[in-house]
Amino acid sequence: MTALTVTLALVATAALLLRWQRPAWYWMSFGVVFAMVRILARYASVMDACGLTVPPSRWRLTLARMTGRPIPDSRAPRILRLRPTRTGLVLRVKLRPGQDAFDFSAASDRLRHSFVMQNVTAREVRSGVVELRMTGYDVLKRVQMPAAAARAGVMRVPVAMREDGEVYYRDYRQTPHALNVGATQSGKSVYQRNLVAALAPLDVALVGIDCKQGVELAPLARRFTALGYNPDAAADLLDALVEHMEDVYQLIRREQRLSADLPDAEITADIWDLPDHLRPTPIVLLVDEVAELALFATKEEEKRRDRIITSLVRLAQLGRAAGIYLEICGQRFGSELGKGITMLRAQLTGRTAHRVNDETSANMAFGDIAPDAVLATVQIRTDRPGTAVASDSSGGWVRIRTPHLTLRRAVNIANSHAHRTPEIPALDAFRPVLPPLGKAAAPSAVTAPAIV
Ligand SMILES: Nc1ncnc2c1ncn2[C@@H]1O[C@H](COP(=O)(O)OP(=O)(O)O)[C@@H](O)[C@H]1O
Ligand SMILES: [Mg+2]
């Protein structure tokens, strides 16, 4: 008897310790079982309390009256499936007549408290079926990406964790260009670093413009095909990219061969339809602190600025089919940066907003697509850097947080994939000057923690 008590006490202590220190492990060992039992046991009463039941149908009332039985209870939506996941549970329910998916989204906060879950989101799977995604613990507190996320596909990379426990992917073929705004210290550069680390193993050329004299991107230079550290270099680099884009279009034109016997599906209009041996390497252009490119003090600088913005607009308008994708980071990105900026912004489909200090900055990312995301953006806590609101493929928005990838780890990843760095002849003049490799002699790797 005492042995049993001691064992039980030990298990309970272990569970409490895990819950406190390692919520992810707790969830996978104890939490998931408790949560499933709790949900199944309380389901009917919670649905009733949250106003998600419907009164009995007429024929059941009539039947009860005819047979002299008591009047039947209200009915809760039928459970189709309850599936555990790495971070929570997925509950699929079949709606009763008269219910809609909005009822469930509106009740998600009440459901969260009633089922004692961290977060509940509802989405319609198909007509009449709603899926409730629940997370068992705060997945954004200490972000751990699942190992399986790394195998993501062509030009689709995992960058962050979503609030509902799913992985947030940046899919360049679906959303070619993206804008990333946020106040200083909000986690933009860490987001960009995560992107570089995720893109490093792929067959892609990375081109960077970092007007902070390269403090963010220079340490990762081994994986970069071209880098520009100031507005002058950026202007020339962008011109070269536009030229490269035109060459790629010439190549696609040559390969189109619109003859009558060519099947429709084989006619190319972008690089992905070209045969493998002819396909130019796709390019991701990362711009950190874009405002630096748009500011000017003298007439000369104004000319340079116009050149830069024109090139960026051209790349954003025409780059996708040539496999050139833009990823633009900045603290603000509004019309006060001068002409051409809103035109460029209109081309940047993907939006991510880290914490901002005022509503106008949030409006620059979401004002024109999702007004309710603006509110979510200004509410991001200061003690959670790296948290952001991002537009998702379904046209809505989600809260995400990047894993904290230190500069040292990012440097190691970039260096280990350095052999993949492709050479693009048009960008040869901008190839970064590399520090010598080796433990003692790699200044970028050694000084990395100081920069973080
Ligand atoms: N996902 C994250 N998790 C934990 N800390 C983070 C995360 N992202 C950023 N930080 C912290 O916030 C600080 C600022 O991030 P940074 O990306 O340099 O901001 P920004 O480029 O927006 O000024 C970093 O030094 C880092 O310590
Ligand atoms: Mg930064």
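Lys 188 is found in helix 6, where helices are DSSP runs of H or I with at least four residues, strands are runs of E with at least two, and both are numbered from the N terminus. The model is a predicted one, in which local features need pLDDT of at least 70 and side-chain atom pairs count only at pLDDT 80 or more, while totals for chains, interfaces and linings use all residues. Residues are numbered from 1 along each chain as its sequence is written, and chains are lettered from A and ligands numbered from 1 in the order in which they are written.

Lys 188 counts as buried because 27 C-beta neighbours lie inside 10 Å; a residue is buried with 20 or more other C-beta atoms within 10 Å of its own, exposed with 12 or fewer, and partly exposed in between, the C-beta atoms being placed from the backbone. Leaving aside residues up to four places away in sequence, Lys 188 touches Asn 180, Gly 182, Cys 329 and His 354, a contact being two C-beta atoms within 7 Å. Gln 185, by contrast, lies in the loop between strand 7 (178-181) and helix 6 (188-199), and Gln 185 is exposed because it has 11 other C-beta atoms within 10 Å.

Both residues belong to a feature that an unreviewed UniProt entry calls "binding site", which runs over Gly 182, Ala 183, Thr 184, Gln 185, Ser 186, Gly 187, Lys 188 and Ser 189; such annotations may be inferred rather than shown by experiment. Around ligand 1 there are 15 residues, of which Gly 187, Lys 188, Ser 189, Pro 385 and Gly 386 come nearest, a residue being near if its C-beta atom lies within 6 Å of the molecule. Helix 6 gives the most to this shell, with three residues.

Elsewhere in the chain, strand 4 (residues 129-135) is mostly covered, since five of its seven residues are buried. Strand 4 pairs in the antiparallel sense with strand 2 (residues 88-94) over seven bridges, and strand 3 (residues 119-126) is likewise joined to strand 4 by seven bridges, running antiparallel; strands pair if DSSP finds at least two bridges between them. Leu 132 of strand 4 stands opposite Leu 91, and Leu 132 is also the bridge partner of Ala 122. In the hairpin of strand 3 and strand 4, which has two residues between the strands, Gly 128 takes a positive phi near 90 degrees.

The domain assignment, which is automatic or from a database, gives domain 1 (2-135) and domain 2 (147-451).
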